[in-house]
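Welcome! Take a moment with the sequence and the picture, and then we will walk through them together.

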Amino acid sequence: MGVICMDNIMIEKLSENLIYSTAVRSDIGGREQQQDRAYLCIHEDQIYAVVCDGMGGAMDGRAASDAALATMRHIYMDYYSEGAVDASSFLYHAMIAADKAVSARMTRGIGGTTLVAAILTGEQMHWVSVGDSRLYIIRSGKILQATRDHNYQLRLNEMLQQEEITSELYHKEMVRGDALLSYLGKGNLTLYDLTQAPFTLQSGDAILLTTDGLFRTLSDEDVCTTITANIPTSQKADILMRNILNKDNHSSQDNTTFILIDVL
């Protein structure tokens, strides 16, 4: 019972958890500053997980992810943990409040943060995401990216599908495909992912919330192989992080932070 703080990670354990097995890992990689933040709360039969990836200058990125995480945590502890609102409504209003909090911290008008957050209660899961931090669902040996990357590539894909641009222009513009179109701190959020109906979980499922340091380093196949192994959740998390850090590009490795949840 209590709160465990590890630099950019906060784990709040309010009761024993008998439904899920969890692990949180983070590494600064080859960067000078750690701009990722993570929060995990175990509350009765419920898991609340949040991952943020700050961007902008070093101080701006940290300030943005700090503000977003603090807001998401405080709103949960003040309202949702008491059962006052439904999950989708809570996640939406928490996201909007976090966006305002980040905007207020960006005094120089630059910087922001991605956000992915999930609430798991019993067999039901809701989530929200802004930016390119992702939520994956691993089931029956397969891995599914449940969130979209809210970047220029998403817009290019839409324009190509609607025949608003040519294939030639599409490939030319893809050099800027990773540029984010939506993130906390931008204000007036219109591009985000939010579940309206719950996703039904099954025993044996796994949920992964992660910043881009993981999926830009490891393939989906490598991630899935590790997560579906018949070993404890903490050991899976250790292997994932070790595989990331063992890559040849460690000197340029981005911050990596993830929360892994196994459904028992």
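Predicted model: local features only at pLDDT ≥ 70, side-chain atom pairs only at ≥ 80, totals over all residues.

Which residues does D212 touch, not counting residues up to four places away in sequence? They are D53, D132 and D254, where a contact means heavy atoms within 4.5 Å. D212 itself is found in helix 5 (residues 212-215), and with a relative accessible area of 10% it is buried. Here buried means under 20% relative accessible area, exposed means over 50%, and partly exposed lies in between (1.4 Å probe, protein chains only). Helices (H or I, at least four residues) and strands (E, at least two) are DSSP runs, numbered from the N terminus.

Residues are numbered from 1 along each chain as its sequence is written, and side-chain values use heavy atoms, with hydrogens and water left out.

## The whole protein

Stepping back, the protein has seven helices and 13 strands. Its radius of gyration is 18 Å, close to the 18 Å that the globule rule gives for 264 residues, so the protein is as compact as a globular protein of that length. That radius is taken over C-alpha atoms, and the rule is 2.2 Å times the number of residues to the power 0.38. Along the principal axes, the C-alpha atoms fill a box of roughly 55 × 40 × 40 Å.

Of the 264 residues, 51% count as buried. Among contacts with a separation of 6 or more, residues 24 or more positions apart account for 71%. The protein exposes about 12,300 Å², and carbon and sulfur atoms supply 48% of that area, computed by the Shrake-Rupley method with a 1.4 Å probe.

## The cores

Now for the inside. In soluble globular proteins, nonpolar side chains tend to be buried together. A nonpolar core is a set of buried Ala, Val, Leu, Ile, Met, Phe, Trp, Tyr and Cys residues joined through side-chain atoms within 4.5 Å. The largest one here has 29 residues, and those with the most contacts inside it include Y48, V50 and M72. Elements that give two or more residues to this core include strand 5 (46-55), helix 1 (58-78) and helix 2 (87-105). Helix 1 gives the most, with eight residues. A second, separate core of 23 residues includes I9, L40, L135 and I259.

## Residues that meet across the chain

Where does A49 sit? A49 is in strand 5, and at 0% relative accessibility it counts as buried. Leaving aside neighbours within four places in sequence, A49 is in contact with residues including Y39, L40, V116 and I259.

I227 belongs to helix 6 (residues 220-227) and is buried, with a relative accessible area of 2%. Beyond its neighbours within four places in sequence, I227 contacts I138, A206, L208, K236, L240 and L260.

D178 lies in the loop between helix 4 and strand 10 (193-194), where 47% relative accessibility makes it partly exposed. Apart from neighbours within four places in sequence, D178 is in contact with N151 and R216.

The table pairs each of these residues with a partner from elsewhere in the chain.

| Pair | Separation in sequence | C-alpha distance |
|---|---|---|
| A49 and I259 | 210 residues | 7.3 Å |
| I227 and A237 | 10 residues | 8.1 Å |
| D178 and L154 | 24 residues | 9.1 Å |

Most residues other than glycine have a negative phi. E163 lies in the loop between helix 3 (152-161) and helix 4 (167-173) and is exposed, with a relative accessible area of 70%.

D7 also has a positive phi of about 60° without being a glycine. The place of D7 is in the loop between strand 1 (2-6) and strand 2 (9-13), and at 84% relative accessibility D7 counts as exposed.
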